[in-house]
Amino acid sequence: MTGVLYGIGVGPGDPELLTLKAVQKIQACDVIAVPGKDYRESIAYGIAIRAVPEIQEKECMGIVMPMTRDRKVLRECHERAAGQLAGLLDQGKQVGFLNLGDVTIYASYLYIHRRVAAMGYKTELINGVPSFCAAAARMGIGLVENSDQLHILSQPEQIEEGLKLSGTKVIMKMGKNMGQARSCLEKSGQDVWMVENCGMPGERVCRNVGEIYENAGYYSLIIVKDKPGNGQKDNLMEGKRDKPMEGQEDKPVERQEDEP
């Protein structure tokens, strides 16, 4: 019987944010794979080991995944990684691949996941706490409320136009383009927060655009909101409510406490 490949989100940095399911899957897996040449230097491994110390007793391996936009290099890398993991699955081993944040959001692991699944192996994704949710909680603010929209901007060329969108904007993965992002933010005149290395050693919090520095690290996440009263609807005002859809005027909708 072949094994199962689990893509496991370990959250943004605080080991206490690992879900119970993530912990249980890590404990149950025979092999733990992480991005990077040396698994001991992996940030994801560093997070997991603080929540699941027994991971040190397992077979662990690093999967080389270079930070490049060269499609050919990436394709070869992903195919090689899928082959390595398939070899372990053929041995009947349960394999867990650790991924920062949530495994469905800009996760490098997904490229491998699709290849292994296409080869006929059983795979499963285990969600983790997304970095932008953790950053909002760290700042003590909500991401979206009522009918607000949420937009994720992950490329520098998306920022200028993206900031014109109504609602909340999340800017991530800027790296060396932080200076460009800051310039656009200054011109937008919106409310800005940033958390660098959320939940990790070296965490730094910025509560306005003036505090953002150009050499902020890759794991810096920015939250942008329209200023109150700047054309933004406030559905929390007394007596104001969203207009019901036709035929639903007399049909109140029950809302679960944990719904977004």
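D226 is buried, at a relative accessible area of 14%, where buried means under 20%, exposed over 50% and partly exposed in between, using a 1.4 Å probe and protein chains only. This comes from a predicted model, in which local features need pLDDT of at least 70 and side-chain atom pairs pLDDT 80 or more, while totals for chains, interfaces and linings use all residues. Residues are numbered from 1 along each chain as its sequence is written, and side-chain values use heavy atoms, without hydrogens and water.

The partner of D226 in a salt bridge is K169, also a buried residue, with a relative accessible area of 0%. A salt bridge here is a side-chain nitrogen of Lys or Arg within 4 Å of a carboxyl oxygen of Asp or Glu. This pair links distant parts of the chain, 57 residues apart: K169 sits in strand β7 and D226 in the segment after β10. Helices (H or I, at least four residues) and strands (E, at least two) are DSSP runs numbered from the N terminus.

The structure holds eight salt bridges, among them these:

| Salt bridge | N to O distance |
|---|---|
| D226 and K169 | 3.3 Å |
| E161 and K164 | 3.1 Å |
| R182 and E186 | 3.0 Å |

K164 is exposed at 59% relative accessibility. R182 and E186 are four residues apart in helix α7, so about one helical turn separates them.

Five bridges join β1 to β5, and L5 stands opposite T123 in β5.

Notes: Pairing = 2+ DSSP bridges.
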